[in-house]
Amino acid sequence: MRIDHSVSSSISCLLFLLKAMAKVRASVICGVLAAFLSSAVFAFVEDLDETFKDTRANDIWLVDFYAPWCGYCKKLEPVWYDVGAELKRSGSPVRVGKMDATAYSGMASEFGVRGYPTIKLLKGDLAYSYKGPRTKDDIVEFANRVAGPAVRALPSKQMFEHMLKRHDVLFVYVGAESPLKEKYNDAASELIVYTYFFSASEEALPESVSLSELPAVVVFKDGSHFTYDEYEDGSLSSWVNRERFQGYLHIDGFTLYELGETGKLVAIAIIDEKDPTEQSGRLKTLMQQVAKEYREQFNRDFQFGHMDGNDYINGLIMGEVTVPSVIILNTSNEQYFMPSELIESTDQLVQFISSVLNGSAQAYGGDGFIQRIKRVAFDARSTIMSVFRSSPLLGCFLFGLPLGVISLMCYGICTAESDDGLDEKREGLTDEEEEEDDEEEEQQRQAAELEGPEEEEDAGEKDPEEKKTD
């Protein structure tokens, strides 16, 4: 029995050692695999140097110009490696690189780099700047769109229907060769960074679409289509820039920045989607109705949408906006318009928008000198408050210590005695008053000299009792 027990103990120990070795081996394998995958991902993004200028001509490059100390650049770095891996995996011809713009500042300046990080797609002699959200999917979509031809062909109805389902906004040239097609190609080369451009024959159009004349440039969006009219809509590039968004959007800070490039005023219903109320839902519905039903009247000058919460708007106008409410922003000069009463009907909303359009509505804000001073003060206060909210001790140290030193310096200056006090008192006196003042000072001095020796003599004489004692 003792022998069997010792054998079983030995077997148990052996099994335990084997399991431990298996775990160690698995962890080592996982570590090696992770290191391999990590190095493989990093390999998809190339570090660029001064030789890049001479070697880039034959390839299409997506480059991140960064600064080592930039916090936004560090935040983008893992996303950028995912972008490189995704483009490589999908077989894209786009090569992905990154360049330290502080180490190669001359080359960065040649590519028009003004801030960090800056993302550019370099295609031949052209450089396209990326201004979208810094997410993997958005950057990859931008790279694939710009890397391909400026105008893509839609050879069949099936392909046309597929693209309509895939894209919210679709620009299409329909017809044969013409001067309009040349303008369309130029607009596509300029605005490919924002949207897709396609061409198709009349036979490839869906059966529900009929055009009065050809050739034509058509935008498909909001469940309908709209044709470009050179006489009413101005230049083709301007029309495309105005039409590249849906009629009604969910607006955030980035979308608002993009909308500023269209030249339109932005009408926003400010609501709280986390705590929806009947009034918020009604205001959102009213804005959607006006965007659709009054397109012909307002589409050229206004973009419609809603924004969740008022935090961004409050910082933009340096004030407090109630929720729900309506505000119209002019992003070109930072002016804004607000209704004098609560909007409760379509007619009220249309009347308010019309008053902004004809110039009768009261404008607030702006980019004048006083507003700029207010903006500096507001940004400074916001920065200080954010520091105190995130770290009160750090805020006290950063702002309390300098204020304390300045206060002590001011107190010392104000309480210091001045040697020129008598001279300051004499300022403003006439010559006769100054002579009288000098005579009084002289008499007081002589009297003091006469009293001085008497006191010394009195002090030198001894008391009679002291003399007797002597």
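Colleague: Where is glutamate 334 found?

Modeller: Glutamate 334 sits in the loop between E14 and strand E15 (335-337). Helices (H or I, at least four residues) and strands (E, at least two) are DSSP runs, numbered from the N terminus.

Colleague: And what about the phi of glutamate 334?

Modeller: Phi is positive for glutamate 334, about 65°, although the residue is not a glycine. Methionine 318 also has a positive phi, about 55°, and is not a glycine. Methionine 318 lies in the loop between H13 and E14.

Colleague: Is methionine 318 buried, exposed or partly exposed?

Modeller: Methionine 318 counts as partly exposed, at 22% relative accessibility. Buried means under 20% relative accessible area, exposed over 50%, partly exposed in between (1.4 Å probe, protein chains only).

Colleague: Before we go on, what are the ground rules?

Modeller: This is a predicted model, so local features need pLDDT of at least 70 and side-chain atom pairs count only at pLDDT 80 or more, while totals for chains, interfaces and linings use all residues. Residues are numbered from 1 along each chain as its sequence is written, and side-chain values use heavy atoms, with hydrogens and water left out.

Colleague: What is the mean pLDDT of the chain?

Modeller: The mean is 80, and 74% of the residues reach 70 or more. pLDDT is the predictor's confidence in each residue, from 0 to 100.

Colleague: Which stretches have pLDDT below 50?

Modeller: Residues 1-5 are one such stretch, with zero contacts in the model beyond near neighbours in sequence. Contact means heavy atoms within 4.5 Å. Residues 466-470 are also below 50, and that stretch has two contacts beyond near neighbours in sequence.

Colleague: Back to the loops. Where are the cis peptide bonds?

Modeller: One joins leucine 214 and proline 215, with omega about -5°. Proline 215 is in the loop between strand E8 (197-200) and strand E9 (216-221). Another runs from valine 323 to proline 324, with omega near 0°. Proline 324 is in the loop between helix H13 (311-317) and strand E14 (325-330).

Colleague: Switching to charges. How many salt bridges does the structure hold?

Modeller: The structure holds 14. A salt bridge is a side-chain nitrogen of Lys or Arg within 4 Å of a carboxyl oxygen of Asp or Glu.

Colleague: Which residue does glutamate 261 pair with?

Modeller: Glutamate 261 forms a salt bridge with lysine 131, and the closest N and O atoms are 3.6 Å apart. Glutamate 261 is in the loop between helix H10 (253-259) and strand E12 (265-271), and lysine 131 is in the loop between strand E5 (126-129) and helix H5 (136-147), so the pair ties together parts 130 residues apart in sequence. Glutamate 261 is partly exposed at 28%, and lysine 131 is partly exposed at 40%.

Colleague: What about arginine 145 and glutamate 141?

Modeller: Their side chains meet in a salt bridge, 2.5 Å from N to O. Both lie in helix H5, four residues apart, about one turn of the helix. Arginine 145 counts as buried, at 5% relative accessibility. Glutamate 141 is partly exposed, at 31%.

Colleague: And how far apart are aspartate 308 and lysine 274, N to O?

Modeller: That salt bridge spans 3.2 Å, N to O. Aspartate 308 is in strand E13 (residues 302-308) and lysine 274 in the loop between E12 and helix H11 (278-293), so the pair ties together parts 34 residues apart in sequence. Aspartate 308 is partly exposed at 26%, whereas lysine 274 counts as exposed at 72%.

Colleague: Which residues are joined into one network?

Modeller: Glu46, Asp59 and Arg95 are joined by salt bridges that share partners.

Colleague: Now leucine 259. Buried or exposed?

Modeller: Leucine 259 is buried, with a relative accessible area of 1%. This leucine lies in helix H10.

Colleague: What is leucine 259 in contact with?

Modeller: Leaving aside neighbours within four places in sequence, leucine 259 contacts Phe245, Leu249, Ile251, Lys264, Val266 and Gln303. Leucine 259 and arginine 244 are 15 residues apart in sequence and 9.8 Å apart in space, C-alpha to C-alpha.

Colleague: Last one. Where does isoleucine 373 lie?

Modeller: Isoleucine 373 lies in helix H15 (residues 369-390). Isoleucine 373 is partly exposed, with a relative accessible area of 47%.
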